[in-house]
Amino acid sequence: MKPILYIVIPCYNEEEVLPITCQMFLDKIKSLIEKELIDNKSRIMFVNDGSKDKTWDIIQELSLKDDHYIGICQSRNRGHQNAVLAGLMEAKEKCDITISIDCDGQDDINAMDEMIKEYLNGAEIVYGVRSKRDTDTFFKRLTAQGFYKFLNWMGADVVYNHADYRLVSSQVLEEFSSFKEVNLFLRGMFPLVGFKSTSVYYERHERIAGESHYPLKKMLALAFDGITSLSVKPIRMVMTLGIIIVILSILGALSLLVTYFTQGKMIQWIYITTIVFLVGGIELVGMGIIGEYIGKIYMEVKARPRYIISDRTYQSKNNRGHV
């Protein structure tokens with residue numbers, strides 16, 4: 001029996017690129033149907049993440065032109081990770097497998113063939129992994145590779161050079177739905193679910209049109225969210241640093257006493273002032289890190305909806321949903 005596939009595509013202000021890439025996705029899903037890799041009930045699900053341009057209008061028009069196009073609209077912009085989650089949770093009851101991919105055409109859609117074959121061979125999660133970064137600038141390549149290495153070093157279990165291009169079975173999504181985190185970092189959360197997984201390698205292209213919605217500032221924010229959502233290593237590092245400072249302070253105090261009793265003088269005041277400022281700065285950094293964790297606990301305890309679907313192309317506006 002051929003699996004039903006839902007391609008989940010988050011969209012935010014994509015009116016320039018969507019009219020181009022939508023045909024690419026349609027051609028791909030029809031090709032997969034012709035190859036008898038997937039069922040004809042498979043769909044392309046666009047997730048409008050509160051776009052301010054005509055993205056939702058385009059999605060609605062596409063859904064009228066071809067039954068393979070469907071779409072859901074969030075009540076407001078909630079970010080890329082929440083948009084992907086909304087699409088996955090909406091699709092999990094309607095399909096056997098999902099493939100999440102960005103709208104900009106950078107990820108090679110031909111890798112989907114291999115992903116589905118790996119699923120048919122028993123894999124429940126198939127990660128799309130970039131084989132190289134020749135299209136990136138030196139700075140982008142340096143920061144991106146450092147991003148993955150730093151996350152792994154900090155204790156976040158992520159697949160190197162994998163973003164959010166992945167195949168996930170409905171069985172995995174059913175288990176994943178029990179993860180109730182408000183602070184989402186999907187590429188680090190899916191490995192926690194378990195199940196058999198593998199990777200498919202591909203080359204990433206230049207963005208077809210429009211501008212990237214993930215500048216360095218958002219990449220750094222995502223990295224920080226990933227670390228603080230999946231690891232307590234930063235707090236342990238602060239504690240270790242505190243212990244080291246205490247030991248050094250005791251040794252410094254003993255050194256001062258020895259100097260006083262042997263030479264009859266104390267160390268100059270400038271050194272003491274420097275130590276005070278150093279310790280004070282480290283304390284502020286430590287309090288900031290701990291405060292970040294407390295802030296995330298605050299957000300989690302409130303348990304606000306991670307997304308709210310305000311409209312669907314295949315149901316009335318009155319049928320809304322939130323998780």
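Predicted model: local features only at pLDDT ≥ 70, side-chain atom pairs only at ≥ 80, totals over all residues.
Contact here means heavy atoms within 4.5 Å. The buried residues of α4 pack against β1 (5-11), α1, β4, β5 (125-130), β6 (162-169) and β7. Those buried residues are Ala111, Met112, Asp113, Met115 and Ile116. After α4 comes Gly122, which has a positive phi near 120°.

The setting for this helix is a protein with ten helices and nine strands. Of its 323 residues, 44% are buried. Among contacts with a separation of 6 or more, 81% are between residues 24 or more positions apart.

Apart from neighbours within four places in sequence, Asp113 is in contact with Lys28, Leu32, Lys35 and Leu37. With Lys35 the side chain of Asp113 forms a salt bridge, at 2.7 Å from N to O. Lys35 sits in the loop between α1 (18-34) and β2 (43-48), while Asp113 belongs to α4 (residues 111-120), so this pair ties together parts that are 78 residues apart in sequence.

The structure holds eight salt bridges. Another of them joins the side chains of Arg312 and Glu90, at 2.6 Å from N to O. Arg312 is in strand β8 (residues 308-312) and Glu90 in helix α3 (residues 80-91), so here the parts tied together are 222 residues apart in sequence. Both partners are buried: Arg312 has a relative accessible area of 9%, and Glu90 has one of 10%.

A further salt bridge links Glu174 to Lys92, with the closest N and O atoms 3.4 Å apart. Glu174 lies in helix α6 (residues 170-176) and Lys92 in the loop between α3 and β4 (97-100), so the pair ties together parts that are 82 residues apart in sequence. Glu174 is partly exposed, at 40% relative accessibility, whereas Lys92 is buried, with a relative accessible area of 13%. Elsewhere, salt bridges that share partners join Lys28, Lys35 and Asp113 into one network.

Helix α3, which holds Glu90, can be checked for its length. At 1.5 Å a residue, its twelve residues should span 16 Å; the C-alpha atoms at its ends are 17 Å apart, which agrees. Twelve of the twelve residues of α3 are buried, so the helix is largely enclosed by the rest of the structure. Among these buried residues are His80, Gln81 and Asn82, as well as Leu88, Met89 and Glu90.

Part of the surroundings of α3 is helix α7 (residues 186-193), whose axis comes within 11 Å of the axis of α3 and crosses it at roughly 45°. That angle makes α3 oblique to α7. On the α3 side, the residues that meet α7 are Gln81, Val84, Leu85 and Leu88; on the α7 side they are Leu186, Arg187 and Phe190. By class, this contact has five nonpolar residues, one polar and one charged.

Val200 lies in β7 (residues 197-202). At 6% relative accessibility, Val200 is buried. Leaving aside neighbours within four places in sequence, Val200 is in contact with Ala111, Glu114, Met115, Glu118, Val126, Tyr127, Gly128 and Val129. Gly128 is 72 residues away from Val200 along the chain, yet the C-alpha atoms of the two are separated by 5.1 Å.

Taken together, α4 can be followed in two directions. Through Asp113, α4 reaches Lys35 in the loop between α1 and β2. Through its buried residues, α4 packs against several elements, β7 and β5 among them.

How values were computed
Residues numbered from 1 in each chain as written. Heavy atoms only, no water. Salt bridge = Lys/Arg side-chain N within 4 Å of Asp/Glu carboxyl O. Helix = DSSP H or I, 4+ residues; strand = E, 2+ residues; numbered from the N terminus. Buried < 20%, exposed > 50% of the residue type's maximum accessible area, 1.4 Å probe, protein only. Expected span 1.5 Å × (residues − 1). Axes fitted to C-alpha atoms, helices over the stretch in contact; angles between N-to-C directions. Parallel < 35°, antiparallel > 145°, perpendicular 65-115°, else oblique. Nonpolar A, V, L, I, M, F, W, Y, C, P; charged D, E, K, R; others polar.
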